[in-house]
Amino acid sequence: MSIPALVRPRPVHRASDLLAAYLPGSFYFSSPRGTLLADGVHSRVRAAGASHARAAAEALDAAAAAGVPDPVVAGAVGFRPEAESGLVVPSVVRRAGAPAVVRAPEAESGTSWTLTPRPEPAHYADSVRRALELIGRGELSKVVLARSLELAAESPVWVPALLARLVRADPAAYAFAADVTAPGDPAPRTLVGASPELLVSRRGATVLANPLAGSARRSGDEAQDRETVARLRDSAKDLGEHAHTAGQVAEVLGRFCTDLEVPAQPEVIGTPTMWHLSTRITGRLADPAAPACSALGLAEALHPTPAVGGVPGPAAVGAIADLEPEDRGYFAGMVGWTGLDGDGEWAVTIRSAEVCERTVRLSAGAGIVAGSEPAAELAETGAKFRTLLRALGLEGAV
Ligand SMILES: C=C(O[C@@H]1C=C(C(=O)O)C=C[C@H]1O)C(=O)O
């Protein structure tokens, strides 16, 4: 009897042990599909230009030939893939099942912080108005505008504790911590977060994407949240905003798939802090062996979806460069892993922060379409900050 070469051993670790074993410099990723903790750097994946899938496939073949067990390419790619990318083949990979649901974490207290919004809220509202002018002139139909909060603590932020609180607060999230230290950084820099949005996952020939767009704040009060969900489900503005995103994701995946299932109506999903319109799109790959069909190849073909960019894509990316005063860095990019067989999982890098010693820069965006209101978009981005603010013990600070 022959054993298929790419069968992976069953996980021997517990998800909680891998979370506890995470240290800055490691790569951590967990989702309902499972947990992955990777350590060491066997090689770095350097791509010419924006495409990493081919360089990743070559790096994986070389690692397998060098005897690296279960080689993966893991890490993060920025919103502008040609500008920021931190992909490596780690030396050691440990896998476990999905994180378990445990008691809600205690918020950290006792640290005092300074908070600086970038840009100022009034500036962000003004950018929304300018985006609405572009939309009014027919240059765009949707653009996602982001803003950041820069936090400074009195002492260095311990990322493993922050990651653990994010995972425990929402074990179903795509939770991640990736080293994104760049030359010139005064200290190691870590991208950390708990995204609700799956860019794409691949298992054999089966692919799944789960675009989100159209959002409302979750209050925690059951009656009020029931009303919010009903309103979101019926909101023409949010349904339109969602259709742009789901339609584009389906169109791109359709290029690679023989059959594609796209539900006619979005459903509403909840995180501990937000409600979102969500569409789960599944397909079967026509040519799973092609590098372009690896999980990373598909993620690159999809990025940036209108969930973080807009419609039409190039005009929206141009408007973002003009209207957002700060570069997005790794925010609104992709984070995840791809294995030797092309399987893998990539999340959209939202509900995230870049942590460098005492500073935490967290970012959030909101989709602007005809009918958007600057004050509401400001509030929506503020509500999206709460994932990280809660984990930092800072909810209510903004
Ligand atoms: C850009 C973000 O979220 C994205 C934008 C959404 C929206 O505009 O409704 C919803 C979910 C995400 O796709 C973010 O959380 O920062």
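**Loops, sheet and ligand shell**

Biologist: Which residues does S91 touch, leaving out those up to four places away in sequence?

Modeller: S91 touches D39, G40, V41, H42 and V68 once residues up to four places away in sequence are set aside, where contact is a distance within 7 Å between C-beta atoms that are placed from the backbone. This is a predicted model, in which local features need pLDDT of at least 70 and side-chain atom pairs count only at pLDDT 80 or more, while totals for chains, interfaces and linings use all residues. Residues are numbered from 1 along each chain as its sequence is written.

Biologist: Where is S91, and why does it count as partly exposed?

Modeller: S91 sits in the loop between β5 and β6 (92–96), strands being DSSP runs of E with at least two residues and helices runs of H or I with at least four, both numbered from the N terminus. S91 counts as partly exposed because it has 15 C-beta neighbours inside 10 Å; the class lies between buried, with 20 or more other C-beta atoms within 10 Å of a residue's own, and exposed, with 12 or fewer.

Biologist: Okay, the big picture now: in what order do the nine strands of the open sheet run?

Modeller: The order is β3-β5-β4-β19-β20-β11-β12-β17-β14, with antiparallel pairing, and two strands pair if DSSP finds at least two bridges between them. The edge strands are β3 (43–44) and β14, each of which pairs on one side only.

Biologist: Which helices pack on that sheet, and what do they touch?

Modeller: Helix α2 (residues 53–65) packs on the sheet and touches β3, β4 (72–77), β5 (85–89) and β19 (334–339), its direction making about 25° with that of β5. Such angles run from 0 to 180 degrees between N-to-C directions, with axes as lines fitted to C-alpha atoms, for helices over the stretch in contact. Helix α7 (residues 295–302) also packs on the sheet, touching β4, β11 (198–203), β12 (206–210), β19 and β20 (344–348), and its direction makes about 150° with that of β11.

Biologist: Back at β14, how many bridges does it share with β17?

Modeller: β14 and strand β17 (residues 281–285) pair in the antiparallel sense over four bridges, and the bridge partner of D259 in β17 is R284.

Biologist: Switching to β10: why is it largely enclosed by the rest of the structure?

Modeller: Strand β10 (residues 189–195) is largely enclosed because seven of its seven residues are buried. R189, L191, G193 and S195 point one way, whereas T190, V192 and A194 point the other way. In a regular strand the side chains alternate between the two faces of the sheet.

Biologist: What pairs with β10?

Modeller: Strand β9 (residues 174–179) pairs with β10 in the antiparallel sense over six bridges, with D179 opposite T190. Strand β21 (residues 352–356) also runs antiparallel to β10 and is joined to it by five bridges, with V192 opposite A353.

Biologist: How about the ligand, what surrounds it?

Modeller: The ligand is surrounded by 16 residues, of which the closest are S215, A307, I350, G365 and G367; a residue is near a molecule if its C-beta atom, placed from the backbone, lies within 6 Å of it. β13 (212–217) and β22 (359–368) each supply at least two residues of this shell. By class, the shell has eight nonpolar, five polar and three charged residues, with Ala, Val, Leu, Ile, Met, Phe, Trp, Tyr, Cys and Pro counted as nonpolar, Asp, Glu, Lys and Arg as charged, and the others, Gly among them, as polar.

Biologist: Which peptide bonds are cis?

Modeller: The bond from H303 to P304 is cis, with omega near -10°, and P304 lies in the loop between α7 and β18 (310–311). The bond from V311 to P312 is also cis, with omega near -10°, and P312 is in the loop between β18 and α8 (313–323).

Biologist: And R351, what is its phi, and is it buried or exposed?

Modeller: R351 has a positive phi of about 50° although it is not a glycine, and it lies in the loop between β20 and β21. With 30 C-beta neighbours inside 10 Å, R351 counts as buried.

Key: Two residues are in contact if their C-beta atoms, placed from the backbone, lie within 7 Å.
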